[in-house]
Structure formats: structure tokens, C-alpha cells
Amino acid sequence: MASIVLENITKKFGKVTALDGVNLQIDDGEFIVLLGPSGSGKTTLMYLIAGIYRPTSGRILFDRRDVTNLPPKERNVGLVFQNWALYPHMKVFDNIAFPLTLKKTDRNTIQQRVHEVTSMLKIEALLERYPWQLSGGQQQRVAIARALVKQPQILLFDEPLSNLDALLRIGVRTELKRLQKDLKITSVYVTHDQAEALAIADRIAVINNGKLIQVGTPEEIYYKPRHTFVAGFVGNPPANLLNVEFDGTKLTIQTKTFQAPVELLQKISGRRRIVLGFRPEKGILLDRITENAVGIEVQIYEVESMGREQIVTVSIEQTMVKVLRPSEEKFQVGQRLFLCVDIKDLMLFDFETNEALDVQ
């Protein structure tokens, strides 16, 4: 196990800046997820930790030891890739044992280590098969076993579940989280799937355009985003973000006026425009505006059944807003109601910087 410190990491490929001044501390035994859209820089950051890339500037430390210029083989990291990268001509046993074979480890130790990791991952019965005889989930377990067999200090996952179907992905991610907790190996997991990140991470580092936007627990990232990008990227559906005008006495969106508690108006005093956000499950649709809530008249635009719940899309002038409601509630397209959000569930952002407003 090891802690990881990234100090002011910048990585450029020619004129393209893939990472720009990233600072991040990962604790010993922590499971951290690097989350961001395609091209955000998250995989580049993982490859820098692995030693596959070298930073243009900045330092990488494992347990306070500078490893910035060390090659991968001297970093004692285990890698699990998206495509599993199993050797088709080798049986499962030999695929798992390959890192130890390269090190010329003695046969007894190899047998013992392979038995330990395959027992842990419940794939002992697969040792005499070839990769082409395995399902996707089995191949992924073999790839994880190969990464674990050399007893790494740090385990790196590069979108390891993206090639699995949805149901299998949920099962494997549960096993991964349990395995990491049992082994207490410092783990860095790259994904663009925010549901996956929320499910397995101790902390999430959200990256966009090469910059680290926010680091926090899943609860902090979901309920207390520090930037509109985080609010709009995380969640399914993501947070609603409304550009709102404020004249000192009332809030408006286009030509519609919100009914808002004085407490909220005092919080944003002195601002002409803000971004008002809320999670879809925090909105309710009623025939009147409740106390201590922000409310505005809306029209039902569409209703999508999701089984036990439904996504209700409402329109405020030309702006569409999504609200998550229980399936028992009945709505009709064209119906006019009031959208209400309790003041404690609102997210407030600066219109110019898109950063969260620190208001009490």
C-alpha cells in the first residue's frame, strides 16, 4: 500500500495541454475515482501515476518518495485495462502468472500466489481454459487476478467495466469494491460513468479540460458541487441549472417570476444574475407554492415512465426542467402546476465563474 501525491502536474503533447497544474493527494488504502468526459485528461493522469507517461512539469510521490522519473517496472503498480489484454495463446494460469514469470519467480511461489488470487476472485475452475473460452466477466476477473498476483502497492483501473453489459457491470463493480476493501490496496479507478463513480468511490476527483474541478466524497460531489460542470455532469438526470435574473426584489427566468423566500433574496443581495440549481428528485409539482420554497408556474411537457419512478419534463417559457417523481403521482401533458424546491435543496452558483456561492 502507498499514499500518492501529485504536485502541480502538467502534461503537454506538443501544443496540446492534456493536464494543467493538477494537485491531488490520495491516502494510503483509499479507493479514488477519476471521473470526467472523454478527453478530459483522466486516463493521462492515471498513465502518469503508472509511469507510462512522464509529466511535462510537476512531481509524483509514492509514500513521500519521488517516483516522477521512475519507469513502470520500478513503481510496483498493477494495471487493469479496458480491453483486458489477455494473451490468447496462454491458458488462464499462465496469463495470471505472467508478471511473476517475467521476474523469474520460483515455481512454488507462482503456484501459491496464483492460487491465492484465483481463490479470492472465485475463478480457480478456469485455470486450464483459454481466454476465448471465457465470458466477458470471467476475462475481467482474470485481468484483475494478473494485476494482483505481483502484490502491487497501487492498483490502477482504466475503465475496466466498460466492455461488460449493464447487469454484469453492476455485479463486478460490487465485487471490486469488496475486494479493494479487503485488500486495502490504494486504488485509482478511471471512468466516465458517474453512476459507477458514485457507487464505488471513497472520493471522486472530477476532471474536465485537463483541470481538477472538485475532489470530494460521493455525497459531496452529488449534493454540494463546487462548480456548474460537476452539477451538470453528475447525476441521471443531472442537476437542473437555470440562469436567473435578480433585480434586488425578485428572481426571473425569461419573463417568468419565481416566488422566493426573503431568506434566499438576502443571500444573493448585490448580484444581478446567478445560476440556480437543484437535483431532479428535489423538485415537487403541486397546485400551490409551499412555504420556505422557491416556486414557479410550469407546464408539463412530457412524462417518461421509469418503473417505480418517472421523469417529468416541465417547461418554463423555453427552458426545460426535469423532475423525478414517484410513479403513483399522475400528470398530464399540458397540465399547469407549480414547481417547488425547498430552499435548503437549492444550489447557487456565480453566473460569471460558474463556481458555487458560499452563502449561509
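**Entry 1: Asp350.** I listed the contacts of Asp350, skipping neighbours within four places in sequence, and found Arg271, Val275, Glu355 and Leu357. A reminder to myself: this is a predicted model. I placed Asp350 in strand 20, which covers residues 347-350. Is Asp350 buried or exposed? Its relative accessibility is 16%, so I count Asp350 as buried, the cut-off being under 20%. I also checked its side chain: a polar atom there lies 2.8 Å from the backbone nitrogen of Glu352.

**Entry 2: the cores.** I turned to the largest nonpolar core, which has 46 residues. Which of them touch the most other members? I noted Val33, Ile96, Val114, Ile144, Leu148 and Tyr189. Helix 4 (residues 136-148) gives the most to this core, with six residues. I then followed Val33 and, leaving out residues up to four places away in sequence, found that Val33 touches Tyr189, Thr191, Ala197, Ile200, Ala201, Arg203, Ile204 and Ala205. There is also a second, separate core of 30 residues, and I wrote down Leu251, Phe278, Val321 and Val341 as being among its members. A handy thing to remember here: in soluble globular proteins, nonpolar side chains tend to be buried together.

**Entry 3: helix 1.** How many of the nine residues in helix 1 are buried? I got eight for this helix (residues 42-50), so I call helix 1 mostly covered. The buried ones are Lys42, Thr44, Leu45, Met46, Tyr47, Leu48, Ile49 and Ala50. Just after helix 1, I came to Gly51, which takes a positive phi of about 95°.

How values were computed: Residues numbered from 1 in each chain as written. Predicted model: local features only at pLDDT ≥ 70, side-chain atom pairs only at ≥ 80, totals over all residues. Heavy atoms only, no water. Core = buried A, V, L, I, M, F, W, Y, C linked by side-chain atoms within 4.5 Å. Buried < 20%, exposed > 50% of the residue type's maximum accessible area, 1.4 Å probe, protein only. Helix = DSSP H or I, 4+ residues; strand = E, 2+ residues; numbered from the N terminus. Contact = heavy atoms within 4.5 Å. Polar contact = N/O pair within 3.5 Å; in protein donor to acceptor, adjacent residues only side chain to side chain.
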